[in-house]
Amino acid sequence: MAGGIEVSFPISHSPTQNDPVSWRVGRTKTRVYVTCGERELRFGMQWSVEYSLGAADDFLTERAVFHNPGATAHPWMSWSNAAVPCAPDTQYHFPNGQVLAHSSRLDVIDWQHAGPRCEADIEEMTGYFWKTTDANAFGAFTPSFGTGIYHVADQQVSPGMKLWSYGVGKDRAWATLSSARDEPYAEIQGGPIRDQATKLELGPRETRSHVEFWIPSDHPLDIHALKVPHVELRPISDLPLFDFAREDEVKVWRDLVRAHQSKRRLPKPPGVERSLWPPSGIEDLHAAFKWAIETTADGEREQWKFYHGTWLAGQGKKKEAIAVLSATRTIGVANALLARLLKTAGDLEGAANALESIQEEWLQLHPQVVALRDDVLRTLGTKTLAERAQWLSRVAAVPDERIIERRVQLLIDKGEWHEAKGLLVSAGFQKVHQRYVRTGLWKQVCEKLNEPFLPIPGELGEDQLAAFGAYREFE
């Protein structure tokens, strides 16, 4: 959602950015503090972002603290992203230097000579990352609105600078999709890392922190004259580090750990339909799962085995997860996850057999399972065309985008190229960043019909950004 300052950890655009998190208000004689954060589910690391104001401040102070309480190092990145209303006259005040420009191609430009001065100068969606700078401040100001916002930070701890714009050309429609009043916006971002293709590691028990300052203004500011404010903040030890923020997501798993430690009554495993899988960020579940499996029987034992397998998969222990899930044959979702893991391990026959073992019809026809099955069967060769057609025909009326993509692929594989083209451009896809499945299908169709690949139809809903970064690193 385009509004306010989005904070992200341990990846850009955190999965919980629109979920409730923990918060606390604190006061000293000179400042008021509002801190929000959580212990995130993926790695179990803690993040807290503290916003504070002094009585005379004409700027907002933001301090981010990241802590890894676990026994394993984990990757992370962090960006503070302010959404700013923009118009063609929005001015971008950024330092001179070498800048990585990420649009339909990757390039390094000299900002002073080749960088845009205002929104009207940007033709397509583009991200700019500063490699070198002659100032530690940046911002945006829109004369027609009479408003702007600037950012300054100590370059030694927070050197990251980014500008993101959808431009004023063919990509302009993207700029209104996530704004509350259907109005265009741009993004100005700062943080401790220089670009979004890079991650750092936070070691066991390690803590990192940095401070950033946001300055609203009703007139343009000189970024070369802006200085990092001197602010006396409370000791970092007074800043709260929060636990998991949504109790319903972790309660049963913590109850399981406590039951194992005390050897008392086990909690009931959650029903599969709740999609309440054990967070990989809870590190000490392995022994508890083994104990639960050993002390239960029949259906309950199968459920604990399933959850053990999902937790192992989330921990990145693929071989162990495959072994556990392979012995969990009565739960269809276990077979679906097993098929995914086997596919990523290159065992396509095993993946197909796991999918064939799913007995529940509701799950057989679930769009994710149908799409996965079709992908696996296609990789096994043309001998599976009839089986693929049979499964896809059963869900032909489902307006799921991945189902439509698989139907287009089947038409291409059957030599029905005109039909594939017609379905592809008439499907009404939503817009999605950094995913190019439909673009790949369009390329296949054009090659088969001996037609030009460019221009790529906007109806496909995919951007044309050059491959860069780690947005889809786990695909």
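Biologist: Which strands each supply at least two residues of the nonpolar patch?
Modeller: Those are β2 and β3, each of which supplies at least two residues of the patch. Keep in mind as we go that this is a predicted model.

Biologist: Which residues form that nonpolar patch on the surface, and what accessible area do they have together?
Modeller: The patch is formed by Trp23, Val25, Val32, Val34 and Leu53, and together these residues have about 430 Å² of accessible area.

Biologist: Where is leucine 53 found?
Modeller: Leucine 53 is found in strand β4, which covers residues 46-54.

Biologist: How many bridges join β2 to β3?
Modeller: Six bridges join β2 to β3, the strand of residues 31-39, and the two run antiparallel.

Biologist: What is the order of the strands in the open sheet?
Modeller: The open sheet has eight strands in the order β2-β3-β4-β5-β17-β13-β12-β8, and their pairing is antiparallel. At the edges are β2 (22-27) and β8 (91-93), each of which pairs on one side only. From one strand to the next, the twist averages 15 degrees.

Biologist: And what holds strands of a sheet together in general?
Modeller: Strands of a sheet pair through backbone hydrogen bonds, and the pairing can be either parallel or antiparallel.

Biologist: Picking another strand of that sheet, is alanine 153 buried or exposed?
Modeller: Alanine 153, which is found in strand β13 (residues 147-153), is buried, with a relative accessible area of 2%. Alanine 153 and valine 228 are 75 residues apart in sequence, while their C-alpha atoms are 5.9 Å apart in space.

Biologist: Changing topic, how many residues of β14 are buried?
Modeller: Six of the six residues in β14, which spans residues 160-165, are buried, and the strand is mostly covered. Gly160, Lys162 and Trp164 point one way from β14, whereas Met161, Leu163 and Ser165 point the other way, and all of them are buried.

Biologist: Which strands are joined to β14 by bridges?
Modeller: Strand β11 (residues 126-130) is joined to β14 by four bridges, and strand β15 (residues 185-191) is joined to β14 by five. Both of these pairs run antiparallel. Leucine 163 of β14 is the bridge partner of tyrosine 128, and leucine 163 also stands opposite isoleucine 188 in β15.

Biologist: What do β9 and β10 form?
Modeller: β9 and β10 form a hairpin with three residues between them. Strand β9 covers residues 98-102 and strand β10 covers residues 106-110, and they pair in the antiparallel sense over five bridges. Glutamine 98 stands opposite aspartate 110 in β10.

Biologist: Let's finish with a helix: how many residues does α6 have, and what distance does it reach?
Modeller: Helix α6 (residues 332-344) has 13 residues and reaches 19 Å from its first C-alpha to its last, which is close to the 18 Å expected at 1.5 Å a residue.

Biologist: Why is α6 said to be largely enclosed by the rest of the structure?
Modeller: Ten of the 13 residues of α6 are buried, and therefore the helix is largely enclosed by the rest of the structure. Among the buried residues are Val333, Leu337, Leu338, Leu341 and Leu342.

Notes. Residues numbered from 1 in each chain as written. Predicted model: local features only at pLDDT ≥ 70, side-chain atom pairs only at ≥ 80, totals over all residues. Heavy atoms only, no water. Pairing = 2+ DSSP bridges. Axes fitted to C-alpha atoms, helices over the stretch in contact; angles between N-to-C directions. Patch = residues over 30% accessible without salt bridge, like charges linked within 9 Å, V, L, I, M, F, W, Y side chains within 5 Å. Areas by Shrake-Rupley, 256 points an atom, 1.4 Å probe, with all protein chains shown as cover. Salt bridge = Lys/Arg side-chain N within 4 Å of Asp/Glu carboxyl O. Buried < 20%, exposed > 50% of the residue type's maximum accessible area, 1.4 Å probe, protein only. Expected span 1.5 Å × (residues − 1).
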